[in-house]
Amino acid sequence: MATTLKQARILVLILVGVLLAGCFGFGQWKVSGIVTDPANNPLAGVTLSVKAGKTVTLTTGDDGKWSTTVSGKEVEITAVKDGYEFAPVVVKKADNKPVTIVGTPKLTVSLAAGYYEEPISVTLAIAGNYTIHYTLDGSDPTAESEEYTAPIAIDEPGKVTVKAIAINNTDPTVTQTISAEYEYHNPGIIINGGFEFGLNYWHGRSCQLQVTDAESYNGTHSVLVTDRTETGSGPRYDLPTTIQHGQKYKVTVWVKYVAEAAPETRRFQICFQEGDDWRPIEIITGAEITKGEWGKIEGVYTIPTAIIRDGQPIPIPLAKPRIFIETSWVANPDPNSDLMDYYVDAVSMILVEEEEQ
């Protein structure tokens, strides 16, 4: 009996030891190494992602060296630095030695290609003795194209394709090329005006909202408005309470509907609203939209101090201001001609003074 009890105590101690090892890091190990170029020169400022149970991010110093503590049997290491290309490296605990990661010269572009809602700067880079030339009009660059000397500013709404060629200054037959497409949409005070980031900041009233890639005016997504119960139903956006009375904004929305039973044209409109009450609602602007085509609704609106309803002024304290997109109101809406599904995209609300600068 005493022997059995002693064995049980030993087993408990072993289990406790295993748990303590897991909780306090016993069994962790150190992985380290150096990042160099092909000539074995150390590379500083290389960003490393060391993935084990979790991902650790670190940056090499002037000597190119790095180290971190990990757990598990092996880790995968990826390295990033403008102007270089690195192959991923797997290091096993059993290797028990520093690892060398070598970067080779590579024409790179950053930021990543894609959709942006703020002005951006695009950086081109390649290590070694190269000169970079680029185009922005979609044509293939040559040695006669614009020489890259500073980041490229993309601050005009629309699509831009950056194409670049790096030409080796010692041997001009050695070249590298790259291409990246950018789309910039300026939504002004609207955040996520292109629905590229889900439904953030948007909600629906008496309807359902679904982000979709089936249709888009710009970027790759729009919002589909379905299951409407009244013409005033639609996507709503809560405006920042930093807006002020008397400020003038240009408001723009793109709308499309495709329902077979819907009329060939239908009036859609953008409305301003204070809070949840229907009375402090004012139409900003509207437009006739043609079925099957993206149509623009655009107008200039001054933030009011009051909205007149039935001859009486209703104060607008800007405690909960919002805009929404709807079909024009009718007393007895028809499901086909008034309550059809529709897409909304590229919503913007830009302070006029800022636009004119």
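**Before the close-ups.** Partly exposed describes a residue whose relative accessible area falls between the buried range, under 20%, and the exposed range, over 50%. Every view below comes from a predicted model.

**View 1. Lys250 and Glu298 join two strands.** Here the two side chains meet in a salt bridge, with 4.0 Å from N to O. Lys250 belongs to strand E22 (residues 248–256) and Glu298 to strand E25 (residues 295–302), so this pair ties together parts 48 residues apart in sequence. Glu298 has a relative accessible area of 34%, so it is partly exposed. Lys250, at 22%, is partly exposed.

**View 2. Glu230 reaches Arg205.** Welcome to another salt bridge, this one at 2.2 Å from N to O. Glu230 sits in the loop between strand E20 (222–226) and strand E21 (234–238), while Arg205 is in strand E18 (residues 202–205), 25 residues apart. Glu230 is partly exposed at 29%, and Arg205 is partly exposed at 33%.

**View 3. Arg322 pairs with Asp276.** Their salt bridge spans 3.0 Å, N to O. Arg322 lies in strand E28 (residues 321–327), and Asp276 in the loop between strand E23 (265–274) and strand E24 (281–290), so parts 46 residues apart in sequence are tied together. Arg322 is buried at 5%, whereas Asp276 is exposed at 56%. Look around the pair, too: Asp238, Asp276, Lys320 and Arg322 are linked in a network of salt bridges. The whole structure holds 11 salt bridges.

View 4. Cys207 is buried at 11% relative accessible area, and Cys271 is buried at 1%.

Definitions and conventions: Residues numbered from 1 in each chain as written. Predicted model: local features only at pLDDT ≥ 70, side-chain atom pairs only at ≥ 80, totals over all residues. Heavy atoms only, no water. Buried < 20%, exposed > 50% of the residue type's maximum accessible area, 1.4 Å probe, protein only. Helix = DSSP H or I, 4+ residues; strand = E, 2+ residues; numbered from the N terminus.
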